[in-house]
Amino acid sequence: MILGFVYDVFIVLVAGLTFGVAAKRLGFSMLVGYLLAGALIGHGGLGLVAEDAKEIEHLARAGALLLLFAIGIEFSLEELVRLARYFLIGGSIQMVLVAAPTALACWLFGVSWQSALLIGGATALSSTVLVYRALTEWGETASPQGRRAIGVLLFQDVALVPLILLVPMLSGGQQGSQTWAYLLLTLNTMLFVAAVLALRKVFTRWVAPMLSNLRSVESVILFALTVLVGFCLGANLAGLPPALGAFAAGLVLSGNRLTDQVDALILPYRESFGVVFFVSLGTLLDLSVLMHGPFLLIFGLLAVLVVKVGGATVALRATGLPWRCAAGMGLALAQLGELSFVLLSEGLHANLISQLNYNQMLFVAIGTLVLTPQLLKYGLQWTRRWPSADHLAEEHRGGLPPRPQEAIVIGLGPIGRQAASQLEIMGTDVCLIDLSPVNLHAYAQQGFRTVSGDARDPEVLGRADAAQCRLTIICVPEDRIASQIVKTLHRLNPTCIIIVRCRYHSSTLALQRAGVHTVVSEEAEASRALVRLLERMRSS
């Protein structure tokens, strides 16, 4: 029994790793690799995993709960208030324009109205992870179109909660006097939400500071897991889905000094159990379904793409974007996301959707994810061709006249951060480039333009509009890399003033020959500081 469980887990992890890496190397989402891995090792493929592996199912459910917990802990109520207009207008219009026609089409094809509603809701959800990562890499998180897209994605994340609550209602799980059952469920939901908001304040004000003062990693992670399990049990006792409890647990722990630490500590568990979740979903995929109706599935894939792009385009246009920019961001939101699989999984376990409908939706979802990299690339390129969106009156620049100059800071170490802050004080419009999206996240939240990627790549510099920039400050830790960046930048913009911080004084001449205007050498500055210090000691 135990040996069989260990064997199944091993097969799932090996298959997930192999196919995930292969998908990443081919430029696809790793989610596609996980689902295909599950299809290969499942009973519809090679049959390497037992069909009734209950332990694997439990691990998969834990992965879904940790995924929802992560969404909750990254969810910012303050960000929601800041994007309220885009959140309410764009998000609601997008959900309705995608879910309604999808549900109607499913019903016309013979699917029950309950299943059609659930499928419509799942289809309306996009991948927050993929889209936000692409917006960060392209430096669009603080742009008008990027802010509106994030507002729509936040609405989708919040909409998952009522959609999950609909599952027991639509499945007919409440018998007897259903009206009273629904009223009781509504009352329990309201009480649960009130408890979550109250506990969030308590944890932020008292519990988080206390745990921070203990300086104990073990205490923090045990506390986070206790909160997660406790909220899942509390939601279950209240007659609510445990998935709602997981989201609420993350929300309670968000917005305090421990949030980043908890997120980092939970990350290994979330990713590991998440792999099991998505691979186990793939094991339910029956490849023979594709052979029975390939044209119907291809038509369904194309129809979903058209409906999602069209719905997102209209929604973003309603928030004030020009049509072309709205269409570009609509392409970026055309895929089905991670939460779509969570919702479909809930429906499958509640017998709300059939195995056939689940397999059909899985094929369509995989198809959208395979196309996602190219759709994101074309969509974001299209929005950047229409700079008129940057001059919308209501954006965070508040209608101020254009900045007198623009600058790029490459490398967000201590020196790069100081340079960026000083440039902002001077009134310069600063764009930040760094390899790590984590380093850029805080600055993107403050309204800086950010681009994630290797500045030696001309495409990355192009996203930062380096060809039109007047000043670039390079603060990378290696002189060799700084020289390569300078050469690439000089080819794009020969008139740009380039300032480089270098570590070794011996690199100064080579950098100047490459086209650097000013070189600040760490060795030279340190030697001058030491000489001044020794002179003061001698005169004292």
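This is a predicted model: local features need pLDDT of at least 70, side-chain atom pairs count only at pLDDT 80 or more; totals for chains, interfaces and linings use all residues.

Reply: Residues are numbered from 1 along each chain as its sequence is written, and side-chain values use heavy atoms, with hydrogens and water left out.

Me: Are helices H14 and H15 parallel or oblique to each other?
Reply: Helices here are DSSP runs (H or I, at least four residues) and strands are E runs of at least two, numbered from the N terminus. Axes are lines fitted to C-alpha atoms, for helices over the stretch in contact, and angles run from 0 to 180 degrees between N-to-C directions. H14 (residues 294-318) and H15 (residues 323-332) pack with axes 8 Å apart at an angle of about 135 degrees. Since angles under 35 degrees count as roughly parallel, over 145 as roughly antiparallel, 65 to 115 as roughly perpendicular and the rest as oblique, H14 is to H15 oblique.

Me: How many nonpolar, polar and charged residues make the contact of H14 with H15?
Reply: Contact means heavy atoms within 4.5 Å, and the residues involved include Val309 and Arg317 of H14 and Trp323 and Gly330 of H15. Ala, Val, Leu, Ile, Met, Phe, Trp, Tyr, Cys and Pro count as nonpolar, Asp, Glu, Lys and Arg as charged, and the others, Gly among them, as polar. By class, the contact comprises 9 nonpolar, 2 polar and 1 charged residues.

Me: At what angle do H1 and H12 cross?
Reply: Val12, Leu13 and Gly16 of H1 meet Val275, Val276 and Val279 of H12. The axes of H1 (residues 2-25) and H12 (residues 259-283) come within 9 Å, and the crossing angle is roughly 90 degrees.

Me: Which residues does isoleucine 266 touch, apart from those up to four places away in sequence?
Reply: Isoleucine 266 is found in helix H12. Its relative accessible area is 2%, so it is buried, where buried means under 20% relative accessible area, exposed over 50% and partly exposed in between (1.4 Å probe, protein chains only). Leaving out residues up to four places away in sequence, isoleucine 266 touches Leu66, Phe69, Ala224 and Leu225.

Me: How many residues of helix H11 are buried?
Reply: Helix H11 covers residues 242-252 and is mostly covered. Among its buried residues are Phe247, Leu251 and Val252.

Me: How far apart in sequence are the parts tied together by arginine 449 and aspartate 429?
Reply: A salt bridge is a side-chain nitrogen of Lys or Arg within 4 Å of a carboxyl oxygen of Asp or Glu, and the side chains of arginine 449 and aspartate 429 meet in one at 3.8 Å, N to O. Both of these residues are buried. Arginine 449 lies in strand E3 (residues 449-452) and aspartate 429 in strand E2 (residues 429-434), so the separation of the parts they tie together is 20 residues.
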